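User: I have a structure open and would like to go through it step by step. Could you help me read it?

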Amino acid sequence: MIRLLKTHFLLNENIHLLAGQVVRFGITGGLTTLINAGIYYGGIKWIHLSPLLANFIGYLVAMITGYIMHSRFSFRGHGCQDSHWQLLPRFFLASLLSLAGNSFWVWLLVDVMHQLKWTPLPFMIFVTPLLSFWLNRQWVFHAHSDELTASEL
């Protein structure tokens with residue numbers, strides 16, 4: 001019975017910690033996504049940049065903002081004791097995957113399907129962040145005793 005209560009308490013604690021991370025990630029990710037989307041839209045609408053260039057510039061600004069906010073807010077207390085020099089390369093790689101995802105949506109919808117230039121925005125706002133949360137939680141800001149294997153990712 002005591003073991004069952006301990007398991008229940010740990011499960012509830014883990015769910016509580018995960019819920020807090022999801023909420024904080026949503027706030028931070030929402031802000032960085034809006035930064036990226038705003039720079040993308042402003043770049044194509046007012047500066048007349050190519051969609052891929054506008055997406056890349058938005059990505060750079062959002063990545064820098066995201067690293068600072070995620071490391072200090074979203075995943076604080078997640079157990080990762082790594083230095084910024086260890087975290088930054090992992091964050092950068094995870095962020096590059098987000099850039100690749102957003103670039104894919106831009107390429108597919110604007111270049112291949114010839115849709116309106118704003119059509120990638122829903123995918124950039126709702127789809128790409130799911131991958132980003134998972135990578136950041138499981139790989140970037142996770143407590144690493146050893147490097148994760150590909151099967152653990």
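**Overall build**

Analyst: The protein chain has five helices and zero strands. Helices (H or I, at least four residues) and strands (E, at least two) are DSSP runs, numbered from the N terminus. This is a predicted model, in which local features need pLDDT of at least 70 and side-chain atom pairs count only at pLDDT 80 or more, while totals for chains, interfaces and linings use all residues. Residues are numbered from 1 along each chain as its sequence is written, and side-chain values use heavy atoms, with hydrogens and water left out.

User: In what order do the elements run, from the N terminus on?

Analyst: The order is α-α-α-α-α.

User: How many residues does the chain have, and what share is buried?

Analyst: The protein chain has 153 residues, and 35% of them are buried. Buried means under 20% relative accessible area, exposed over 50%, and partly exposed in between (1.4 Å probe, protein chains only).

User: And what about contacts between residues at least 6 apart in sequence?

Analyst: Of those contacts, 68% join residues at least 24 apart. Contact means heavy atoms within 4.5 Å.

User: Let us turn to the helices. What does α2 span between its end C-alpha atoms?

Analyst: Helix α2, residues 51–74, spans only 29 Å, whereas a straight helix of 24 residues would span 34 Å at 1.5 Å a residue. The expected span of a helix is 1.5 Å times one less than its number of residues.

User: Which residues of α2 and α3 are buried?

Analyst: In α2 they include Pro51, Ala54, Gly58, Tyr59, Met63 and His70. In α3, Leu87, Phe91, Ser98, Trp105 and Val110 are among them.

User: How do α2 and α3 pack?

Analyst: Their axes are 9 Å apart and the packing angle is about 150 degrees. Axes are lines fitted to C-alpha atoms, for helices over the stretch in contact, and angles run from 0 to 180 degrees between N-to-C directions. The two helices, α2 and α3, are therefore roughly antiparallel to each other. Angles under 35 degrees count as roughly parallel, over 145 as roughly antiparallel, 65 to 115 as roughly perpendicular and the rest as oblique.

User: Is that crossing left-handed or right-handed?

Analyst: The crossing of α2 and α3 is right-handed. A crossing is left-handed if the near helix is turned anticlockwise from the far one by less than a right angle, and right-handed if clockwise.

User: And how do α3 and α5 cross?

Analyst: The axes of α3 and α5 come within 10 Å and cross at roughly 165 degrees. These helices, α3 and α5, are therefore roughly antiparallel as well. The residues making the contact include Phe91, Ala94, Ser98 and Trp105 of α3, and Ser132, Asn136 and Val140 of α5. The crossing of α3 and α5 is right-handed.

User: Phe91 is on that list. What is in contact with Phe91?

Analyst: Leaving aside neighbours within four places in sequence, Phe91 is in contact with Met63, Gly66, Tyr67, His70, Asn136, Val140 and Phe141. Phe91 lies in helix α3 and is buried, with a relative accessible area of 6%. The C-alpha atoms of Phe91 and Val140 are separated by 5.6 Å, although these residues are 49 residues apart along the chain.

User: Is Ser132 buried or exposed?

Analyst: Ser132 is buried, at a relative accessible area of 14%. Ser132 is found in helix α5, residues 128–140, and, beyond neighbours within four places in sequence, is in contact with Phe25 and Ser98.

User: Now the loops. What is the phi of His48?

Analyst: His48 has a positive phi of about 65 degrees although it is not a glycine. Most residues other than glycine have a negative phi. His48 sits in the loop between α1 (2–45) and α2 and counts as exposed because its relative accessibility is 64%.

User: Where is His114 found?

Analyst: His114 is in the loop between α3 (84–112) and α4 (121–126). Its phi is also positive, near 55 degrees, and His114 counts as exposed at 63% relative accessibility.

User: Lastly, which residues does UniProt list for "transmembrane region"?

Analyst: The unreviewed UniProt entry lists residues 21–41, 47–70, 91–110 and 116–135. UniProt positions are given in the numbering used here, feature names are shortened, and annotations may be inferred rather than shown by experiment. In the model, residues 91–110 are 100% helix and 0% strand, with end C-alpha atoms 28 Å apart. Residues 116–135 are 70% helix and 0% strand, with end C-alpha atoms 30 Å apart.
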